[in-house]
Every structure is written in C-alpha cells, then in structure tokens.
Amino acid sequence: MSLTVRQLLNHKTSGVYATRPDASVLEALELMAREDISSVLVMEGDSLKGIFTERDYARKVILRGRNSRDTVIRELMTSQLITMSPDQTIDDCMSIMTEKHIRHLPVLEGEKVIGLISIGDVVKSIIAGHEETIQQLAGYIAGDLKT
C-alpha cells in the first residue's frame, strides 16, 4: 500500500516557504539560498497564487537577460498549478510529476496550503518503502532457513 501525501508531510522536517507576488526575484532567491530550497510558493495572504523555482529563474531571468532586482515574481511565476490533496498517494505524485515534467506539487486541503512535495521527497519515500520491503523479505527468508 502506497504512503499518502499526508503521511509524507507528517515525516517532513522542513516547512512551507512563500513569498509575495510583488517581491523581487532577488528576494525570492535570497530566501531559497538561506533555506537551501529550490522553490517557493507565491502567496497573497492565505491564497496560493503560484510557484517560483530555480528552473523559472534560469529560463525566465538569466536566459532573457533580465535583472533580478527589478523583476517581480508575479511576472515569472508559474500560476497554472497542479496541486495534490493530502489523501492522494505518493504513487499519484510520481505519476503526475513524471507526466507533467514538474518537480514540486503544492498540497491543499480545501483552499488551505498545508505543504509542498518535491521530487526528492517522493524518491526518498519510494526508496524507504523498497528498503522496508527488502528487510521484510530478508527476515522472511532467514526465518524459513531456520526451520
């Protein structure tokens, strides 16, 4: 049985980091560097407006010769978001991330943001699940050999 998004969020130690739509790209990059993260949600109060990622920066600022101090997040953020509910599974996340070529999924309960799942979170969860299965199988085999 696959882990749910809620279960994964309960085991994450990092929080949700956000910036305002009118913040400069430089402000968002400083937050990302300070927290060692690769994306920030874009929020107006409690309302999710978009996401800004390192990929957005590379493709929409650097490659277009824009200035990080003078460009605001609203101009560059991804606003057509794919979100997850906490009751969906990690397998659902992996499928969506693979199909849509995205690395971050905001998690909403109703309209409220309760977390952010990254491709790293998903991969770690899947690896941990495989390791647990391997340990169980090894224990089963070792138990059979003793009888």
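Because the model is predicted, local features were required to have pLDDT of at least 70 and side-chain atom pairs were counted only at pLDDT 80 or more, whereas totals for chains, interfaces and linings use all residues. Residues are numbered from 1 along each chain as its sequence is written, and side-chain values rest on heavy atoms, with hydrogens and water left out.

The protein contains five helices and five strands, these being DSSP runs numbered from the N terminus, with helices (H or I) of at least four residues and strands (E) of at least two. In sequence order the elements follow the pattern α-β-α-β-β-α-α-β-β-α. The radius of gyration of the protein is 19 Å, whereas a compact globule of 147 residues would have a value near 15 Å; the radius is taken over C-alpha atoms, and the globule rule is 2.2 Å times the number of residues to the power 0.38. Along the principal axes, the C-alpha trace spans about 70 × 30 × 30 Å.

Of the 147 residues, 32% are buried, where buried denotes under 20% relative accessible area, exposed over 50%, and partly exposed the range in between, with a 1.4 Å probe and protein chains only. The accessible surface amounts to about 9300 Å², and carbon and sulfur atoms account for 51% of that area, as computed by the Shrake-Rupley method with a 1.4 Å probe. Among contacts (heavy atoms within 4.5 Å) between residues at least 6 apart in sequence, 55% join residues at least 24 apart. The protein carries 17 positive and 21 negative side chains, and the centres of the two sets are separated by 5 Å; Lys and Arg count as positive and Asp and Glu as negative, while His and the chain ends are not counted, and each charge is placed at NZ of Lys, CZ of Arg, CG of Asp or CD of Glu.

Two residues of helix H3 were examined. Asp56 belongs to this helix, which covers residues 54–62, and is buried, with a relative accessible area of 7%. A polar atom of the Asp56 side chain lies 3.0 Å from the backbone nitrogen of Thr53. Beyond its neighbours within four places in sequence, Asp56 contacts Ile51, Val61, Leu76 and Thr78. Ala58, also placed in helix H3, counts as partly exposed at 35% relative accessibility, and its C-alpha atom is separated by 30 Å from that of Glu111, 53 residues apart along the chain.

Two further residues are located in strand S4. His104 lies in this strand, which comprises residues 104–109, and is buried with a relative accessible area of 14%. Its side chain forms a polar contact of 3.1 Å with that of Ser38 and another of 3.4 Å with that of Ser39, a polar contact being a pair of N or O atoms within 3.5 Å, of which, within protein, one must be able to donate a hydrogen and the other to accept it, residues adjacent in sequence counting only if both atoms are side-chain atoms. When residues up to four places away in sequence are not counted, His104 touches Ser38, Ser39, Ile51, Thr53, Met97, Leu116, Ile117 and Ser118. Leu108, likewise in strand S4, counts as buried at 17% relative accessibility. Although Leu108 and Thr83 are 25 residues apart in sequence, their C-alpha atoms are 6.7 Å apart in space.
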